[in-house]
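Here is a short briefing to read alongside the structure. Please keep the sequence and the view open as you go.

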Amino acid sequence: MRTSFVFSEVITGLRRNVTMTIAMILTTAISLGLLGGGLLVVRMVDKMQANYAGKLEVSVLLTNDVSANDKDCTQQPCAGLRKDLESTSGVETVVFQNRDEGFERFKRIFEAQPELLKLARPEAIPATFRVKLEDPERTDVIKTAFEGKPGVKGVDDQGKFLERFFEGLNGMRDVALILALIQAFAALLLISNTIQVSAFTRRVEVGIMRLVGATRWYTQLPFLIEAVVAGIIGSVTAVGGLVLFKAFFLDRITRNLTESGIIPPIGYLDILIVSPWLFLVAIVISATTGYVTLRLYVRL
Amino acid sequence: MIRLEHVSKVYKTSTRPALDDVSVEMEKGEFVFLIGPSGSGKSTFLRLLLREEVPTRGRVYVSNFDVAKMSRRRVPRLRQSIGCVFQDFRLLPTKTVAENVAFALEVIGKPRNTIVKVVPEVLQLVGLDGKEDRFPTELSGGEQQRVAIARAFVNRPLVLIADEPTGNLDPDTSQDIMLLLERINRTGTTVIMATHDHGIVDSMRRRVVELSYGKVVRDDARGVYGVGR
């Protein structure tokens, strides 16, 4: 196999069909970019789930009256509630946090947003039992048992909020993946079409190759490599696109959320980890499409 | 060398067979004219030898190849032992004379040092030395056909198939091409040439196989094109 010959054929092929080649590369790039975006969301959700696993708590918020007058939870109804919580089955720990401690914690969480802190007053923060469960899913037990009890203002379930948040992220992921799939289909058709056009413009060469006894691989390989090269350029473009998207858009809109630790930041490392998959997908899809097209539509 | 045994070929789109129970044998080193009007089956005959087509019935042998029965994977081997020349030359306009000839070797994976050695040799044989770097458009029709013959012969095939090689050329140039084909024939290469050219067939006095409606109607060892045509 004369590689220099095959590659010079590939380069002529790509140059001759330059508009089709560009269309093919762009469609592949967009498809892979969306796929990459989807994979990044998956990584983000995984990281968040790992971050929050074991930290999820149910907060039993106490009324203003209790919050103001019972700093150490020694009086009724606070002491009784604590006893009841501790004796509820499935409860791992119960921590009482009075109004001042709560305010300190609030200040810590939102230190990145001084304008929010300026508006906040300790009086707005209720004293709270922070209850950790053995099974973070079983929050409804606490809710049904304690909501409405004297001294209880409400039961706040972090898990429920997080679930909604994850649902949102997973929705984003699904949309990205569906769009990626549609784009991939368009890319597939374009690859197939480009190869057919390419084979047509080179029909004299291919005819001569057949006649002088070139093997099937020799005649097909330039077309296959053409498709794969376009696929690889597409995936490089896609990775570049993801880096630019992160640098100029994502970092800006998520800065507050990532700095306060609510969502984990997407780093360049994440893109680096996702990109081999994009390369692999590009190579496999373009090579398979190329091969099938040559088999079905092009007589070589 | 070449043997057809009761070969028939029926195309799906036609009711009449393109070839109808044809049996012919050609020896190594023979020069054979294949004549007959358009549609008589000459092209089908040649395409069967190259395994561009598979016969509907009968067997085709070229050298050691059982052409009709061989697997697709072996077809390139068969074609490497057959050279082809056409009426329309089929040169690559973007490649020079030398590159056109080298192309035939490159695509069958011949090593570079072989190519640089044999291409000038064959160009000299066909009388194109000095024109290696010309492009096909810069050559006359006769010279273009010489390039095509050089390309067909560069791999030293056992058989050279020429499908109306003089069809686009004036009589004098045609004569030159015939001399070249004769020279190639003298190296021991079997030459099968389909043609409509009376003058050439009559002056060469070689074997003539005439086809009509897919049947062999004449096979003369030293024939002419035909009386009264």
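Predicted model: local features only at pLDDT ≥ 70, side-chain atom pairs only at ≥ 80, totals over all residues.

Residues are numbered from 1 along each chain as its sequence is written, and chains are lettered from A and ligands numbered from 1 in the order in which they are written.

**Overall build of chain B**
- Chain B has 7 helices and 10 strands (DSSP runs numbered from the N terminus: H or I of at least four residues for helices, E of at least two for strands).
- A compact globule of 229 residues would have a radius of gyration near 17 Å, and chain B agrees with 18 Å (taken over C-alpha atoms; the rule is 2.2 Å times the number of residues to the power 0.38).
- The C-alpha trace of chain B spans about 50 × 45 × 35 Å along its principal axes.
- Buried residues make up 43% of the 229 residues in chain B (buried means 20 or more other C-beta atoms within 10 Å of the residue's own, with C-beta atoms placed from the backbone).

**Sheet and helix in chain B**
- Four strands form an open sheet in the order β2-β1-β4-β5 (chain B), with antiparallel pairing (a pair needs at least two DSSP bridges).
- Its edge strands, β2 (19-26) and β5 (65-66) of chain B, each pair on one side only.
- Strand β4 (residues 57-62) of chain B is joined to β5(B) by 2 bridges, and V62(B) stands opposite F65(B).

**Nonpolar cores**
- The largest nonpolar core has 112 residues, and among the members touching the most others are L34(B), L49(B) and V101(B) (a core is a set of buried Ala, Val, Leu, Ile, Met, Phe, Trp, Tyr and Cys residues joined through C-beta atoms within 7 Å).
- A second, separate core of 14 residues includes V66(A), V94(A), A127(A) and I142(A).

**Annotated spans of chain A**
- The unreviewed UniProt entry annotates residues 20-42, 175-201, 221-245 and 266-294 of chain A as "transmembrane region" (positions follow the numbering used here, feature names are shortened, and annotations may be inferred rather than shown by experiment).
- Residues 20-42 of chain A are 100% helix and 0% strand, with end C-alpha atoms 33 Å apart.
- Residues 266-294 of chain A are 93% helix and 0% strand, and their end C-alpha atoms lie 41 Å apart.

Key: Buried ≥ 20, exposed ≤ 12 C-beta atoms within 10 Å, placed from the backbone.
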